[in-house]
Amino acid sequence: MLRVRTAIVAVPMLILLACSHRAEPQPSEPKTSSDATPDGSVAVPETADAGPVPDAGPLPDGGSTRESSVPRMRGSLCDVGGWCWESPLPQGNWLRAVAAAGSSEIWFGGWKGALFRWTQAGFEGTLGEITNDDVVGLHARGADDVWAATPATLLHFDGKAWSTAYDVTAVPNVQFSALAGATDGTIFVAGSASGAGFVSLFDGTAWRDTYLPPGRHVYQLWAHDKSDAYATTWSDTPGIVLHWNGEFWASESVGDGLLIGVWGSDPDDVWAVGNGAMIAHRDDGGWRIVQPATPTGEYVGLAFGAVLGSGPRDVWAIGSRTTWQRASGCTGEEGLLSHWDGTRWSPVRVDWNKGNCYIQSSVLRAGVSAGEKIWFAGDQGVIAVADASGVTRISSEPDMHAIWGPAPDRIYATSGSQILRRDETGWVPYRTADPTMYRLEALHGNATDLVATTQGGFGAIHFSANGASSPTSEYLIGLSQYLGDTRAVWMTEDGQVFITGRPNGDLPANVLHWDGTRWSSATLSGDAGLAMFATSPMDVWAAGGTGNVFHFDGLQWRDLRNANEGAMYVEGFWRDSGRGIVLAGSNAVGPFAHWNGKAWQAIEPPVPVKYAQAVWAAGQDDVWILGEAIEEPQQWRLYHLHGGRIEDARVEGPFPYVGRVFGIGRDAWVYGPAGEAIRRRFSSP
């Protein structure tokens, strides 16, 4: 277990002096604190004061143990609140820093307290255990000398425990943004103080300011030694790389493009990359542009955000291309990767998105050389390795789009063209549709059968208890002119199916009904694609983002919206102990309302949330509600109402504000539109 101890050293005077500058503060994410660790999770031990940060000694040789071609990945990582990642693995917080303490010890850092390592035994660490903040920089000089930077702290690992070396939490308007280390042990840290950029240098004995030129703020740093470092910056004058010569920062002009990433194998072999996929190189003759900015074709913009390598003949530029329309028909970001072999730059294809409009797991943000491998990390927790055989992603794809089950020992999920089933080992394949035609999304079922909608709402596939699958896509296309994206599907106990969606993505919505013999369709007067609930085929409820609430009595659909209640996004329904229907979401009156048989009436919230983001009713008086906590702005909690009791847990991660929820027995899952899923075990069913 990784240990944490406190060793808060006084804030360097140079940073305090920088705070005297009068300028607007830079924005930062609000600081948070984790819940108490639940039973069964890893606790953070308290230890004695760590004392001063020790000298690391000689630079390690990187290790001599040969690794397998693809590093091993075992299990999932959990956070201090007891939430464990199930998609992707090992975790899905976006990663922004990588450091190698040797060829067999790689550290990763990113959002929401993600700070963990890989060894030949697999990944290890508890998210949020070492820090609650985002990790913005990492540097490792050896297994007993690892540094990490968050916006408010500098952390150090001595091979046994992490300690807080510097903490500027109490200093107004100061935050760290970048970290670099040199081969001689020098540490450079960049940030801002009251709006002014700074770079501080630690030579092993003391910190000192390097007096960054006015108006400059650092993107990234690369350091050869305490007297030779480079920095990319942003200011009113783009195309400048700063060079530290041991006494001052000299401005070196590199065209007029915005440069972001910088790295070198030695002082006469330095690379800088930036917007428009621009690549520049510096040798003993100065800077020259090797690849100018070239946004082309369907892509709105291209940008390399980092550059790294193992030597002058092995350099990688990584970043993303932002698109209005990808070849898959989606919008978003795709990975951008290029390799220098000593002679030329060659693009490397890294689009692992498989047509999912939300997934960005091919976007790499950071990397490091370790032995014979290059390690990369980036969006949605992606981790990849490059060696002589090519680039291989070792983290799993975030591809879990809906979760449902009729009993704690029968939980299912849609993933690509498959239905997965959860057993004691994790998620395993259970049923498969044609992978060339279908990607499965929304999911529901009964005691024996399952039904899943397909991507884009082109139809549904029925999976029967005997393993047979029956796609109904061709018929549904003609029936509904496409359903459009939908999260609302329900199968009743007798096998009838209800699906709602927007034809071609537009309103009004369609609702499709399979009565066991044939499909029929009806047009609704508003959106009904967010929430569905049924107690029987003659008592079906559906709603969405237009405030309409529709009810089916077995014969016809009626709109039960009360126009005087204000617009409402309905995220879920359940039946309370009085056998009345309660809906949850957000509207002008409140997040919860009760149907009294004639009209909706706002009710006192059963849980303290501003609005309900997602709702799952596992049964009468057994309800799970995900929402933004009233007492904690921008923080999401999951509440379990059962047996007259309420149990809750804070939900971390990058997606709860757009997440869905499923719970049954003691277990609950929160999952997002990009295929992410986390699970937590509560204390009682």
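**Bonds, bridges and a sheet**

Student: How many disulfides does the structure hold?
Tutor: The structure holds one disulfide. Keep in mind that this is a predicted model.

Student: Which cysteines does that disulfide join?
Tutor: Cys78 and Cys84, with an S to S distance of 2.0 Å. In general, a disulfide is a covalent bond between the sulfur atoms of two cysteines.

Student: And is the link of Cys78 and Cys84 right-handed or left-handed?
Tutor: The link is right-handed, with 100 degrees about the S-S bond.

Student: Is Cys84 buried or exposed?
Tutor: Cys84 counts as buried because its relative accessibility is 18%, and the cut-off for buried is under 20%. Cys78 is partly exposed, at a relative accessible area of 24%.

Student: OK, switching to charges. How many salt bridges does a search of the whole structure find?
Tutor: The search finds 15 salt bridges. As background, side chains of opposite charge can pair when their charged atoms come close.

Student: Let's pick one. What does Arg422 form a salt bridge with?
Tutor: Arg422 pairs with Glu86, and their closest N and O atoms are 2.6 Å apart. The two sit in distant parts of the chain, 336 residues apart: Arg422 is in strand S35 (residues 418-423) and Glu86 is in strand S3 (residues 84-87).

Student: Which residues are linked with Glu86 and Arg422 in a network of salt bridges?
Tutor: Asp667, Arg679 and Arg681 are linked with them in that network.

Student: Is Glu86 buried or exposed?
Tutor: Glu86 is buried, with a relative accessible area of 13%. Arg422 is partly exposed, at 23%.

Student: What's the relative accessible area of Asp379?
Tutor: It's 0%, so Asp379 is buried. Arg365 is partly exposed, with a relative accessible area of 25%.

Student: One more pair. Where are Arg439 and Asp399?
Tutor: Both are in loops. Arg439 is in the one between strand S36 (426-432) and strand S37 (440-445), and Asp399 is in the one between strand S32 (390-393) and strand S33 (402-407). They are 40 residues apart in the chain, and their side chains meet in a salt bridge at 2.9 Å, N to O.

Student: Are those two buried or exposed?
Tutor: Arg439 is buried at 15% relative accessible area, and Asp399 is buried at 8%.

Student: New topic: sheets. What order do the strands have in the open sheet of four?
Tutor: The order is S21-S22-S23-S24, and the pairing is antiparallel. The edge strands are S21 (259-266) and S24 (286-291), and each pairs on one side only. From one strand to the next, the twist averages 20 degrees.

Student: How many bridges join S23 to S24?
Tutor: Five bridges join S23 (residues 278-283) to S24, and the two run antiparallel.

Student: And what's the bridge partner of Arg282 in S24?
Tutor: Trp287 is the bridge partner of Arg282 there.

Technical notes: Residues are numbered from 1 along each chain as its sequence is written. This is a predicted model: local features need pLDDT of at least 70, side-chain atom pairs count only at pLDDT 80 or more; totals for chains, interfaces and linings use all residues. Side-chain values use heavy atoms; hydrogens and water are left out. Two strands pair if DSSP finds at least two bridges between them. Axes are lines fitted to C-alpha atoms, for helices over the stretch in contact, and angles run from 0 to 180 degrees between N-to-C directions. A disulfide is a pair of cysteine sulfur atoms within 2.5 Å. Buried means under 20% relative accessible area, exposed over 50%, partly exposed in between (1.4 Å probe, protein chains only). A salt bridge is a side-chain nitrogen of Lys or Arg within 4 Å of a carboxyl oxygen of Asp or Glu.
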